[in-house]
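Reader: I would like to learn how to read a few features from coordinates. Please give the general idea, then the case at hand.

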Amino acid sequence: MKAKSLSFRLVVSEGLVLIAFFALVTLVLEQSFRESAEQALQERLQIHVYALLSSVDLNNSGQLKMPATLPEPRFASPGSGLYGFIQQPKKKNLVWRSPSAIGLDVIDPPKLKAGKSAFLLEKHKRYALHYDVVWKNIAGIEREYVFTVSEDAQFVTDQVQRFRATLRFWLLIIGIVLVFIQFSLLRWSLKPLRIIAHDLEAIEKGKKTHLDGEYPVELQGLAGNLNVFINHERAHLERYRNTLADLAHSLKTPLAILQGCTESFSDNKDTVQEQISRMNKIVEYQLQRAAAKGEQHTSKSVDLSDVINKIHLSLSKVYIDKNIVFDIVIPDLCQVYCEEGDIYEIVGNLMDNACKWCHKAVKVSILLDQRKARRNFSVMLQIEDDGPGIPVGKFNDILKRGVRADQNIHGHGIGVSVVAELVGLLGGKLEGGESTVLKGMRWSVYLP
């Protein structure tokens, strides 16, 4: 697992939290167990003190009289770990010690009031319970004694160590199980992220077009935004490709005119200059379209009639061998609001196609204030020819880029698709059908 992996970071962080938690739990439980063991030892030593008190007697002379047999056998066994002492605190006098305490240093009791006790861990690593008592016999003699019962701390230490070993063993087992469970939960929780990463890789390899998996609610927004970004980038790339194709297609007619003018350059100098200027405008226009982020709105007006006349003059030279008869029925002035490059693309492509497909005749006309599909249009441009028209079932195909009605005719197959795209962006409508006058193809362009 990589160090930069999100799963690795989460597992490590969870592991550190568990280690800190278990360390704290271990300290708390060990301290609690130690205190509990010490409390139990104190209660047991208190019982031994009471047993000594019940077995000792104060005679008439004020002397303690110890029984022959002690209540706890461990007091009589040297080194048994249980020791007893009786002292007079005011005189600092040791009155009695148990046989088990022979050879041991006497434990000095703290200052106590009568009836009070103290439980302490002595410097000799022994727990001791001191109990102060004032004893009065029948003769009225009163004596103060401190009963001390002591036991080695090793007993409590052994209990704590056994508890610590058991506790750490089970906490280690629980920790391993919890880490495994946490890792499994993280794998399950992060599975949608791995699915998205896999889907993105599939998109990168071209196996998918967008993120279409069933993602959790928290990731649906991310998937949606990524799909929007992917679609936007794909559309942007497609727009660049289309623009390059449009540029090549747009330069085709001016290049053909220039090629026809090479034989007699001096006689066609103005035409050559005009076409060179036109090509510069085409390049600038197409580069602007390629850099555009979306539909462009414009308030510029272009004289459609002037554009038609210029294109008519150019095409007459390109197709001079066909001796085409042009019927131009247009007003002297026809202003439309759009980019000049768009109008040149629309009119140039349709008139070039008409010249390419016609036998001898091409008609271009403009009708004003037309209504179509419940909409009012300011201009309807109609271009007709006497050619074979479009075969049945081919009309929808030629609106696609790269598709031509006749594969034997030279061309790129994008002219009509460019026209349809531009007319749609301008808010207009493109219609195709049979010409009622010339019996060939008829294209009608409605512009707002």
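Reader: Which residues of α6 are buried?

Author: Bear in mind that this is a predicted model. In α6, the buried residues are L304, S305, V307, I308, I311, S314 and L315. At the start of this helix, a side-chain oxygen of D303 comes to within 3.2 Å of the backbone nitrogen of S305.

Reader: Which residues touch the most other members of the largest nonpolar core?

Author: In soluble globular proteins, nonpolar side chains tend to be buried together. Here the largest nonpolar core has 37 residues, and L304, I308, V347 and M351 touch the most other members. Elements giving two or more residues to this core include α6, α7, β11 and β12. The most comes from α7, with 8 residues. Leaving aside residues up to four places away in sequence, L304 touches C334, V336, I343, V347, I366 and V379. A second, separate core has 25 residues, among them W96, Y127, Y131 and V156.

Reader: How many disulfides are there?

Author: A disulfide is a covalent bond between the sulfur atoms of two cysteines. With a cut-off of 2.5 Å between sulfurs, the count is 0. For C358, the closest cysteine sulfur is that of C355, 5.7 Å away, which is too far for a bond.

Reader: Is C358 buried or exposed?

Author: C358 is buried, at 4% relative accessibility. C338 is also buried, with a relative accessible area of 2%.

How values were computed. Residues are numbered from 1 along each chain as its sequence is written. This is a predicted model: local features need pLDDT of at least 70, side-chain atom pairs count only at pLDDT 80 or more; totals for chains, interfaces and linings use all residues. Side-chain values use heavy atoms; hydrogens and water are left out. Buried means under 20% relative accessible area, exposed over 50%, partly exposed in between (1.4 Å probe, protein chains only). A nonpolar core is a set of buried Ala, Val, Leu, Ile, Met, Phe, Trp, Tyr and Cys residues joined through side-chain atoms within 4.5 Å. Helices (H or I, at least four residues) and strands (E, at least two) are DSSP runs, numbered from the N terminus. Contact means heavy atoms within 4.5 Å. A polar contact is a pair of N or O atoms within 3.5 Å; within protein, one must be able to donate a hydrogen and the other to accept it, and residues adjacent in sequence count only if both atoms are side-chain atoms.
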